[in-house]
Amino acid sequence: MIRPSTSCLALTFLLFSLSACEPVTAPDLAQWATDTRGYEIEELPVRITASYARGDDVYLGLEDGRIAKSDDRDISKSLQELGNPFGGAPRLVFITAGGVLFTSADHHPLYRADTAGSAWVVCLDSPVWRMEEDDLGNLYAGNYIKDDQHVATLYKSTDAGRTWSTVFREPSNHHIHTVRWDDAAKRLYIAYGDGPTRGEGYSDDRGATFRITARGPHHGHTDVTCTADYLIWCSDDKSGRVYRVSRHSGEVETLMETSQFMWFATSDDQQVYIGTVTAQPAQQAVLLASPDQGETWQVLLRTPASLDAYGQEFYGESRRLSASGWMYFTGTMDGQLHSYRVRRAP
């Protein structure tokens, strides 16, 4: 396992900024040996492009557009099919604590189904990459589209997704990269891009107001995840930056900088997973894991070398770990999708 070097000034938690951090030297991911010790990795019998875990239930967006439900305790069981709203590979699958289902894909709106087996209906006329639910059942969905007619917009629903209102807009950017509820702090985090004033921020009043904590071409991170003691942010600007903010001191540490897109981050109190997307030819995307909130890291899987900038990737993550600790995801291998689940070995 590798512990990258870290260096940064201690900053206040409310106004952290990466511009204060010193450059970090860490080995390029291509030099990290693949090391699966301490983990279980299983290939799935289906190919997925999106997933979501809640308890023992796992919801899968299949490559052909079908939405299905699986039992995390016995993945070999037959899938329960839940429909095929738009006939294309989903980018989003989400289910609320109350059992309401959502799905979306590139160039397709957000669809909703009241329960498994009920009809899918359009509830928001915008593609969505990531959604979130707070502890009161409010839903948040970020638009994901890149054209001259749309700007980064976060929507909120107080009625289980039947209706939506706009709570955040950033006219200089195209879309929302991530939205994440931090239940420990009762705080909603967002990051947005792609534009000249990419940024990230948070709301302490469930979307009524937002405070922007960083703005600029090297911000607007692709994802953020919450552990017991840290927030861990992942960059989308080819810097490969991963940094964490201490909940207790506000200290900001840059954990690594490589030349890839850090595409997703998923965690529980201690365990963190990060998936990358190649940013240039000849790179290999990797799945990174840390069992200790980012203190040490391993490369669990890597793809073949990419032929172009976005040629290889790990994506489609389940956003949460299942009750048994599994994280579901997909990687591209020689032009084919291979879907997996991974967990820390019991």
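Predicted model: local features only at pLDDT ≥ 70, side-chain atom pairs only at ≥ 80, totals over all residues.

Modeller: Let's go in at β18 and β19 (residues 230–234), which pair in the antiparallel sense over four bridges. One of the residue pairs there is aspartate 223 with cysteine 234, its bridge partner in β19. Zoom out a bit and you get an open sheet of four strands, running β18-β19-β20-β21 with antiparallel pairing. β18 (223–226) and β21 (252–256) are the edge strands: each has a single partner strand, so one side of each has no neighbour in the sheet. From one strand to the next, the twist averages 25°.

A disulfide is a covalent bond between the sulfur atoms of two cysteines. With the cut-off set at sulfur atoms within 2.5 Å, the count here comes to zero disulfides. Take cysteine 226: the nearest cysteine sulfur belongs to cysteine 234 and is 12 Å away, and cysteine 226 is in no disulfide. Cysteine 226 still counts as buried, at 16% relative accessibility, and so does cysteine 123, at 15%.

On to the packing. In soluble globular proteins, nonpolar side chains tend to be buried together. In this model the largest nonpolar core has 26 residues, and Phe102, Leu110, Leu124, Met131 and Trp164 are the ones with the most contacts inside it. Strands that each supply at least two of its residues include β2 (48–54), β7 (101–104), β8 (110–113) and β10 (128–133). The largest share, four residues, comes from β6.

One last stop, back in strand β2, where alanine 53 sits. Alanine 53 is buried, with a relative accessible area of 0%. Alanine 53 and arginine 319 are 266 residues apart in sequence, yet their C-alpha atoms are 7.1 Å apart in space. Again leaving out neighbours within four places in sequence, the contacts of alanine 53 are Val58, Ser318, Arg320, Leu321 and Ser322.

Definitions and conventions
Residues numbered from 1 in each chain as written. Heavy atoms only, no water. Pairing = 2+ DSSP bridges. Axes fitted to C-alpha atoms, helices over the stretch in contact; angles between N-to-C directions. Core = buried A, V, L, I, M, F, W, Y, C linked by side-chain atoms within 4.5 Å. Buried < 20%, exposed > 50% of the residue type's maximum accessible area, 1.4 Å probe, protein only. Contact = heavy atoms within 4.5 Å.
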